[in-house]
Amino acid sequence: MSEQSSVAYETKSLPVTPKKLGSRMPKHLVPWVFMAPALLLFALYVLYPIVSSFILSFYSWDGLGDKTWIGFDNYIQLFDSETFWTALTNNVIWMVLFMLAPPIGLGIALFLNQKVRGIRLVKALFFFPFVISQVVIGLVFSWFYDPNLGLLNSILDLFGFNTIALLSSEEYVTYGIIAAGLWPQIAYCMILYLTGLNNLSPDQIEAARLDRAKGFKMLRHIILPQLAPATFIAVVVTVIGALRSFDLVATMTAGGPWGSSTVLAYMMYEESIFNYRMGYGAAVAVVLFLIMAVYIAYFLVRMLRSEK
Amino acid sequence: MYPKPIEHSSKLVNVAYRISLPITIVLWLMPLAAVMMTSIRSIQDINQGNYWGWPTSFNFIENYMLVFQSTEMGQYLLNSIMITIPAVMGAVALSTLAGYALAKYQFKGNILMLAIFIGGNFVPFQILMIPVRDLTISLGLYDTHMALIMFHVAFQTGFCTLFMRNFIVGLPNELLESARVDGVSEFKIFWHIVLPLVKPALAALAVLVFTFIWNDYFWALVLVQSDTVRPVTAGLSSLQGQWLASWNLISAGAVVAALPPVALFFAMQRHFIAGLTLGATKG
């Protein structure tokens, strides 16, 4: 504080010349000058590429030669392709099963929201998976599922079940990857709810306790409404996380076996980088973007409304 | 407090709760514990299929030394550091300026700009992939550290700007106004008044963004390819292909790759969680 006042004092004693930044500049330009570097880079690396990908999706391009305008052909091919529908279906499965993350995260948060010795460390350890790279998580789970040496099969064996090669089964592979993805996602939701539980209004809880509200009723009518902001964020980041899933698919199966575990994000990467079909890849990206745009718009509307 | 503080319950419940905590932790982190155990096993153990039993010998030093000697892991780690640190500094610097503009100036387009920064932060990477790759190639940056630094600075600026804006909004206006009345220039106000006040937020943000950038895998695949620039995430997954049978070494590599963000998280836990929720719980 003393630093600031001394600064203010010094500048006060200086003659204010019109050459200084901010006094020479028209006032309405000042915020734009502060924003300029961020905005410039953001426009170059985020805004312009979005537009550019939309345009590219109407071209046929191998990444090197000339681009040829083909109108909606990429999209027509896309909707005819089996891989696309597999990827889209898998994305829907991801989204549905990822919705388990907020309630499980809430459950763990309720379990851990106590003041006993060492609880801080316990919370930190529960949060741990979120800090680790998804590449490492993919590796850990590939190994967990390994048909010969994985822990999963040892456990199944122990209880007398048949063992399975989860990641080479077309039927189960997506569920195996989603389980790996849920692990850090639950950790993230848990931390959001722990923060929410910290900010509960004690008065309301006391009042409800005096009214003999208990257990599930208390949770549903008193606690959950107060946790609504945390729930909102948890659901949004979970949906976005499910739609963004790429790292785990790439490291655990590369979309296999026979493309059965691919998702839109991975399909796009595969088509453009391995098959050199940039225009087609861009079309996949546009579809993914449009699906996500619905959620982004919903999030923005709610967020900006609360700003006003 | 909800649920009810456990101290008010019976002794039995208390004991049961305290015992259940370590058990759930072990179950929750079991896959990770297995990797850490494997990373200190001997190759004999691996070949004999002793994956889950007690190791016959503890090869902690041998295995970790071998990872650095016979793979490029050391180089990958160095690359990750050389990419992540400048990118974090760049993103935090740019977004502090932008966040201040959005927090403390009323101007036409203020809300629109905020919406663009937030929205851009959520877009799928794939919609950016081809144009960003082309841009990187035409800037002559493909397969350099700078390729990844530039992209991460630009992309993380979205989230960081929202974060800094939400923090700076809470600073008292009177301080800025009185400086303005005294004729202090706008930039000096930022430098001498705003910047010292946002220092705690900068730490929280830096820790968080460090983790995001360190763990990036997608752009490491798309924008670089040689071992001399590849960060540790992409490096690790290429090792997985080359060292298929040596699970003890791959595990050691995984532990090495995961360690820096984990260490940072435990060192600055409070900052980290504050960062995660300040960016999030508003709204």
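Which residues touch the most other members of the largest nonpolar core? Some notes on that and a few other spots.

1. Ground rules. This is a predicted model, where local features need pLDDT of at least 70, side-chain atom pairs count only at pLDDT 80 or more, and totals for chains, interfaces and linings use all residues. Residues are numbered from 1 along each chain as its sequence is written, with chains lettered from A and ligands numbered from 1 in the order in which they are written.

2. The core. A:M190 and A:L288 touch the most other members of the 175-residue largest nonpolar core. Such a core is a set of buried Ala, Val, Leu, Ile, Met, Phe, Trp, Tyr and Cys residues joined through C-beta atoms within 7 Å. Buried is 20 or more other C-beta atoms within 10 Å of the residue's own, exposed is 12 or fewer, and partly exposed is in between, with C-beta atoms placed from the backbone. Helix α9 (residues 173-198) of chain A gives the largest share, 16 residues; helices here are DSSP runs of H or I, at least four residues, numbered from the N terminus. Leaving out residues up to four places away in sequence, A:M190 touches A:G105, A:I108, A:A109, A:F126 and A:F127.

3. A helix pair. In chain A, the axes of α2 (residues 30-56) and α15 (residues 278-307) come within 8 Å and cross at roughly 120°. Axes are lines fitted to C-alpha atoms over the stretch in contact, with angles from 0 to 180 degrees between N-to-C directions. A:S53, A:F54 and A:L56 of α2(A) meet A:M278, A:G279, A:A282, A:A285 and A:V286 of α15(A), contact being C-beta atoms, placed from the backbone, within 7 Å.

4. A:I296. Also in helix α15 of chain A, A:I296 is buried, with 20 other C-beta atoms within 10 Å. Its C-alpha atom is 8.5 Å from that of A:I240, 56 residues apart along the chain. Across to chain B, A:I296 touches B:G119 and B:F122.

5. The interface. Chain B puts 82 residues in contact with 88 of chain A.

6. Two phi values to look at. Most residues other than glycine have a negative phi. A:A254, in the loop between α13 (247-252) and α14 (264-274) of chain A, has a positive phi near 50° and is partly exposed, with 15 other C-beta atoms within 10 Å. B:D143 has a positive phi near 65°; B:D143 sits between α7 (126-138) and α8 (145-169) of chain B, in the loop.

Methods. Helices (H or I, at least four residues) and strands (E, at least two) are DSSP runs, numbered from the N terminus. Two residues are in contact if their C-beta atoms, placed from the backbone, lie within 7 Å.
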